[in-house]
Amino acid sequence: MHALVQGIILGILTAGVYALMASGQTLIFGIMKVVNLAQGAMVILAAYLSYQLFASFGIDPFLAIPITTAALFVVGVLVELLFLRPLRKEDRSELSLLVTFAVALLLEGIMSVVWSTNVRSINTTYADASWTVFGYQITLVRLWAFLLSLAALGGLYLLLNRTRFGRAVRASVQNPESARLLGVQASRISAIGFGIGAATAAAAGSVFGLLYPFNSGSHYDLISKLLSIVLLGGLGSIGGAVVGAGIISVSSAVVASTVSPIWSDMTFFIVLLLVLLVRPRGLFGASARGAI
Amino acid sequence: MNRLKRMGPTRAVVFFAVLAALPSMNLAHWVLNMLVFTLMYAVMSSAWNLVGGMAGYPSLGHAAFFGIGAYTVGIWFQHHGIHSGYEPFLILPFVGLAAALVGIPVAAISMRTRSDVFAIVTITLLFVVQTLAFNLRSLTGGAQGLSIPAAPFSTATYERPFYDVLLVLLAVAMGLTWGAMRSKIGLSLAAVRADEDKAVGIGVRVQGVKLLAFAVSVGLTAMVGGLWAYYEGFVYPQFAVDPLITIAIVLMTFLGGRGTVWGPVLGAFILELAQQYFAYSLGGSQFYLIAYALVFLVVMLLMPRGIVPSIQERLRMRRRRRAAAAPPAEDSAPPGLPSPHPVTAAAGLGAASGQGGH
């Protein structure tokens with residue numbers, strides 16, 4: 001029983017960070033119908049940036065987030081302009097999968113040249129601090145990471161629902177043709193949308209670097225988890241990504257703490273297949289057109 | 001036109017005759033070794049093409065089935081000794097069958113909606129299989145891997161049996177592609193690729209053909225994996241289940257031209273040589289990765305249709321121009337449409353594809 005509750009607590013705290021990464025990915029899909037396989041690599045790139053900022057200038061990873069999000073926003077816009085925009089419309093969805101896979105490899109290659117493939121971790125003074133509540137251990141860093149992710153998700157929600165830009169994004173997700181007719185510049189929305197997707201990866205990445213040791217190959221572990229979350233929630237649905245992150249993190253953590261960590265990596269795949277068996281488009285996947 | 005139609009089988013006979021003759025030409029071991037790897041990738045690209053190219057469902061998880069094949073052979077060797085050295089080749093068909101059985105339920109669930117979902121589920125499967133290979137120590141040996149007794153072939157002609165088996169597999173893969181393109185199956189797959197909803201509407205059994213293409217495709221891939229394990233003599237998880245294998249197969253198919261018989265093979269021959277060059281000249285794996293990713297991006301952006309379709313298009317344009325210049329004589333088929341299939345071609349490929357069955 002104790003292990004079960006501990007697993008649930010850990011799962012919920014972890015879910016926040018994954019929800020943030022996955023919301024960026026699902027936003028990109030919603031806007032452009034592109035499955036961004038480089039999302040995991042962007043998270044790791046941000047983790048390396050905060051590692052470097054911490055190691056060279058002593059900047060705390062939480063405070064480095066504005067810097068890493070800005071940097072990754074630029075990276076995201078560049079990827080869209082250089083590699084995705086030139087694709088022809090008729091085979092864009094198929095080719096974009098492969099192009100973003102190649103971008104992931106490119107980023108991995110660059111990261112292993114710059115930082116080598118040794119495992120890095122960001123060792124702050126508070127890395128090991130934890131509270132014990134009713135006998136359950138809560139790591140402080142995880143709690144902060146969770147709260148920060150909630151704040152970032154809230155910011156994303158406000159951006160999409162309270163700003164002119166957000167309205168344009170939602171319009172082009174729901175009906176690209178009408179949005180264009182009403183004067184929404186689809187190409188600009190795509191570039192900025194991809195940038196924002198990458199920026200959420202950056203915010204999550206700074207936190208990820210605090211929570212886990214990582215190297216340039218870590219994005220492979222991340223991407224399969226992120227894709228499962230996005231698919232489980234329904235491609236293009238941010239709310240779905242949050243729910244999906246909750247389901248997958250909690251079930252993995254519970255299996256890890258009650259059965260064995262070996263099977264926890266398998267859990268999310270089984271959960272994913274079960275959900276797809278019942279709901280082929282995921283929990284909140286729109287049947288015809290996207291909705292955020 | 002008739003001359004062009006006959007060219008396919010002739011080309012196949014010449015191609016396979018040259019390949020079959022190569023090992024007896026006293027080539028150095030490193031050349032033969034390179035040819036073995038090139039053939040492996042040619043078989044796997046042709047296999048990937050069946051589902052990724054013809055049906056338009058890009059699988060990103062084929063490396064998982066390569067790994068499943070490799071581990072099946074590795075585990076088989078934990079319980080069986082080695083006698084003549086040819087037993088592993090005989091169990092390869094069963095390895096392929098086993099992999100197809102593993103793949104079918106996953107594909108059946110993920111192929112119901114659209115290709116994005118399929119691509120995501122297959123790439124997730126790849127990483128799940130990789131994690132399992134590391135973690136199920138009692139079965140896979142974990143990070144230590146499995147070692148396989150060396151094949152008792154004489155060192156002078158060590159590569160020969162592997163090479164010959166791969167040649168047969170390549171003939172089967174190409175023959176199946178060729179046969180499928182000339183049958184109702186190929187037509188159904190093309191319909192799925194062009195517009196699946198309409199294909200359902202006109203009564204194509206989409207799920208059936210998609211699953212068939214997938215099962216054959218992963219079965220062949222697993223057979224190559226099994227052969228690779230025996231050839232290398234070890235199975236390490238990071239090499240047996242490697243995302244780069246998926247990338248290589250997909251890139252080769254796209255470079256040569258998906259949906260064609262020769263494209264994937266051509267792509268494999270070009271890229272495997274380039275890959276060896278990068279691996280040797282750039283040394284460390286990091287620059288190699290960057291170079292590979294850049295080649296990939298350039299191919300996708302500049303030549304998304306591949307070499308073979310681009311050449312075909314050019315030939316067709318030339319023929320059309322010539323037909324426009326000279327008054328039409330005997331050829332009445334409009335050159336823009338795919339020509340009906342020649343049944344006359346029984347040589348070479350036809351015989352080889354008979355082995356695999358359709």
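The pLDDT is the predictor's confidence in each residue, on a scale from 0 to 100. The structure is a predicted model, in which local features need pLDDT of at least 70 and side-chain atom pairs count only at pLDDT 80 or more, while totals for chains, interfaces and linings use all residues. Residues are numbered from 1 along each chain as its sequence is written, and chains are lettered from A, with ligands numbered from 1, in the order in which they are written.

For chain A the mean pLDDT is 83, with 97% of its residues at 70 or more. Helices (H or I, at least four residues) and strands (E, at least two) are DSSP runs, numbered from the N terminus; in chain A, helix α3 (residues 65–84) has the highest confidence, at a mean of 91, and strand β1 (residues 130–133) the lowest, at 73. Over residues 288–292 of chain A, pLDDT stays under 50, and the model has 15 contacts beyond four places in sequence for this segment, a contact being a pair of residues whose C-beta atoms, placed from the backbone, lie within 7 Å. Where pLDDT is low, the predicted coordinates should not be read in detail.

Between the two chains, 37 residues of chain A are in contact with 34 residues of chain B. On the side of chain A that touches chain B, the elements that give two or more residues are α4 (92–115), α9 (219–233) and α11 (261–278) of chain A, and the largest share, 15 residues, comes from α4(A). The residues of this side divide into 25 nonpolar, 5 polar and 7 charged, where Ala, Val, Leu, Ile, Met, Phe, Trp, Tyr, Cys and Pro count as nonpolar, Asp, Glu, Lys and Arg as charged, and the others, Gly among them, as polar.

A residue is buried if 20 or more other C-beta atoms, placed from the backbone, lie within 10 Å of its own, exposed if 12 or fewer, and partly exposed in between. A nonpolar core is a set of buried Ala, Val, Leu, Ile, Met, Phe, Trp, Tyr and Cys residues joined through C-beta atoms within 7 Å; the largest such core has 207 residues, and those with the most contacts inside it are A:M42, B:V43 and B:L166. Helix α10 (residues 206–232) of chain B gives the largest share of this core, 16 residues. Leaving aside neighbours within four places in sequence, B:L166 is in contact with B:V36, B:L39, B:M40, B:V43 and B:L227.

A:G155, found in helix α5 (residues 140–162) of chain A, is exposed because 12 other C-beta atoms lie within 10 Å.
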